[in-house]
Amino acid sequence: MADSVESQLQERFASSAGGNLEGDVLAELQSIMRLHSIDVEDLFYKWESYSMKMGQEDMKLNIGTAGALKKDIQDALERDSRAKTHLQPNKRPGATPRHSKNNGDVFGMTPNTPKVGSANRMNGTNKRKIETPSMSRIKAEPASSPPEFKTPYKPGEQNSRVVPFNDRPNAGQAIEVLNHHLEVAETPIAPFAEPRLKIVANSDIKKLAYKPMAMKSSEASEILDDRIDEFMVLVQAHHKLDDSAFGSAASQGTTEIVAVGRIASDSPEGKLNASSLVLESSRRMGAGLRVPLKVDGIPGYQFFPGQIVALRGVNASGEDFTVSAVLDMPLLGASASPPAKLQEHLQRLRGGPDAMDSDTPPAPLNILIGSGPYTADDNLDFEPLHALCSKAADTYADALILTGPFLDVDHPLIATGDFDLPEEALTDPDTVTMNTVFKYLISPAFVTLVASNPHITILLVPSVKDIISKHVSWPQEPFPRKDLGLPKSVKIIGNPMTLSLNEIAVGISSQDILTELRQSEVVGGKNKSENMLARISKYLIEQRNFFPLFPPVDREALPRAGTEDGRPMGAVLDTSFLKLGEMVNVRPDVLVVPSALPPFAKVVESVLVINPGYLSKRRAAGSYTKLTVYPMELTDEEKASTQMIGHRVFSRTRVDIMRI
């Protein structure tokens, strides 16, 4: 067994160590695994997270860095323990309601709502402090002298410095390439004469303009309840089951049934594990009761809080539900279009109906994707953003998709308001707001890009961390473009959003759901051997939602921010409107989900899932993604057909994840 663990460690960490692990490093890693009861995969994930936090993706694993990793994990554990003790000094976790003692509905188990204290802080003086930068500080300090600020660091971070953008290593290097056999498109001699993309919104943006923080417990409860019942109908149709096959997991009986419900934990604190699994039923099928799950009898499982599942099993004792099988959840249909529409898009790629050369295949689409933050912690120069826009201008990209945050509320300088603005922005200091900051620090990059590439399509996706957004919860409406100085080519869309670029269905959300799913999931049996990134991506597709996790991870457990108190924004879900976070009608061809996890591109259930990474990390430059989408080639039979034809985007798209 020891040899097996050592070989797994050698295989996993060889690239980080630059070869085989030395004996003392191997012993230190095994010590961490024993101390914290984690496996090799979890240890490797913690190492990657530590490397990203330090702003050094290529950090070498040696006895010194292994010791620093061990101390970082231990300090995080102690910090979490202190936080929980401080939050609930005299409270005892509530017991899971049992059906044998209460046959009615479960009361008092309403979903998480914003704390009164935090709401007051957002609506009170603190909000005003971060809304407008300090004019006295702006005028007092010369532009060449950046203001001092203190950024809270985790143990071991003090020794890491911010790498200047111009001194970044490996600029332009490919991190990962998907579909190597497809060539990168050649840069055109000149910009295209007409836009080659037609954009159609598949989500209803108007519905995102709801009033945030007006949530009622009854409405939130109904939304969560309806989701279970909707999936039960889907499961019944997909598996062709009779009504009699379904039942309540909380009802005692010796007959095997299928129970549909939501995965939850029997305790509001701590990470979900096999011993704390409970299934929450809907009020219609099981009076909203929760029952413990026994999963020892199944070969493998993968669960996370909020996941809707269909379980086959029996509750013989009346105390717990013994699972014998986990039924597959039906997927949305793949994206498809009629042949006439596909030929119309093909003609647009050639340059419209008046194009001279109709026999030569048109040039593939060139789409760039980046995700905020867009500047390092020590400045507001937005050099990575300017570099990406220059890349889009030089290659005459067809589209540039950028997800927020743009002005990050967790950025140390934004949080304090201590930074400099150009002289032209200070003609009337009393009217300066964060919109002014956006106009003078961010918009110029887009103005320059549009001047060089007039027909490019630029899409901006907001984030709940964007300080210029008045909509403080997710799902989130677009922030208003008034006073931002944006060119007309820039379109601001919702978060999340499903839209079509020609025939390509694209789903985008700026929420870091992947990191939260990675922290929340419990995996056992044969499922442990699956690729982690593909597994958590599949959750989104199976659950048909951009944020299927409920409740979200406590923000105290998320990576620390650069602000004074170090607490990140968190998910900020508005439970009453979570239905707006669902995928619309079909599986997207491309799913863009930015995350702090290592950037990747994978094909999952015929969906091209992309995490472009952050364009700028706290102390170093980040990454972006380039898509080269080749046009569909229709056979004569398909052209004459009246049937819908699948887009097959995953097979005709080259994905290059690049260092900026």
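Author: Buried means under 20% relative accessible area, exposed over 50% and partly exposed in between, with a 1.4 Å probe and protein chains only. By that rule, 52% of the 660 residues in the protein chain here are buried. Mind that this is a predicted model: local features need pLDDT of at least 70 and side-chain atom pairs pLDDT 80 or more, while totals for chains, interfaces and linings use all residues. Residues are numbered from 1 along each chain as its sequence is written, and side-chain values use heavy atoms, leaving out hydrogens and water.

Reader: How many helices and strands does the protein chain have?

Author: Both are DSSP runs numbered from the N terminus: helices are H or I, at least four residues, and strands are E, at least two. The protein chain has 17 helices and 22 strands.

Reader: In what order do the seven strands of the open sheet run?

Author: Two strands pair if DSSP finds at least two bridges between them. Here the order is S1-S22-S20-S10-S11-S12-S13, and the pairing is mixed. S1 (174–178) and S13 (490–492) are the edge strands; each has a single partner, so one side of each has no neighbour in the sheet. From one strand to the next the twist averages 15°, with axes fitted to C-alpha atoms (for helices over the stretch in contact) and angles from 0 to 180 degrees between N-to-C directions.

Reader: Which way do S10 and S20 run, parallel or antiparallel?

Author: Antiparallel: S10 (residues 365–371) and S20 (residues 623–629) are joined by five bridges. Look for leucine 368, which has lysine 626 of S20 opposite.

Reader: Which strands does helix H14 lie across?

Author: H14 (residues 443–452) lies across S11 (399–403), S12 (457–461) and S13, and makes about 160° with S12.

Reader: Which residues have the most contacts inside the largest nonpolar core?

Author: In soluble globular proteins, nonpolar side chains tend to be buried together. A nonpolar core is a set of buried Ala, Val, Leu, Ile, Met, Phe, Trp, Tyr and Cys residues joined through side-chain atoms within 4.5 Å. The largest one here has 46 residues, and those with the most contacts inside it are Leu385, Leu400, Leu402, Leu407, Phe446, Ile458 and Leu460. Several elements each supply at least two residues of this core, among them H11 (383–394), S11, H14 and S12. H11 gives the most, five residues. A second, separate core has 33 residues, including Tyr539 and Val593.

Reader: What does leucine 385 touch?

Author: Contact means heavy atoms within 4.5 Å. Not counting residues up to four places away in sequence, leucine 385 touches Tyr374, Leu402, Ile442, Ala445, Phe446 and Leu615.

Reader: And alanine 392, buried or exposed?

Author: Buried, with a relative accessible area of 0%. Alanine 392 sits in H11. Leaving aside residues up to four places away in sequence, it touches Leu368, Ala397, Leu449, Asn453 and Ile456. Leucine 368 is 24 residues away in sequence but 7.1 Å away in space, C-alpha to C-alpha.

Reader: Which strands make up the closed barrel?

Author: Five strands, S3-S4-S5-S8-S7, with mixed pairing. On average, neighbouring strands are turned by 60° against each other, direction ignored. S7 (residues 308–314) and S8 (residues 321–326) run antiparallel, joined by four bridges; arginine 312 has alanine 325 in S8 as its bridge partner. H8 (residues 217–239) packs on this sheet, touching S3 (257–265), S4 (277–280) and S7, at about 145° to S3.
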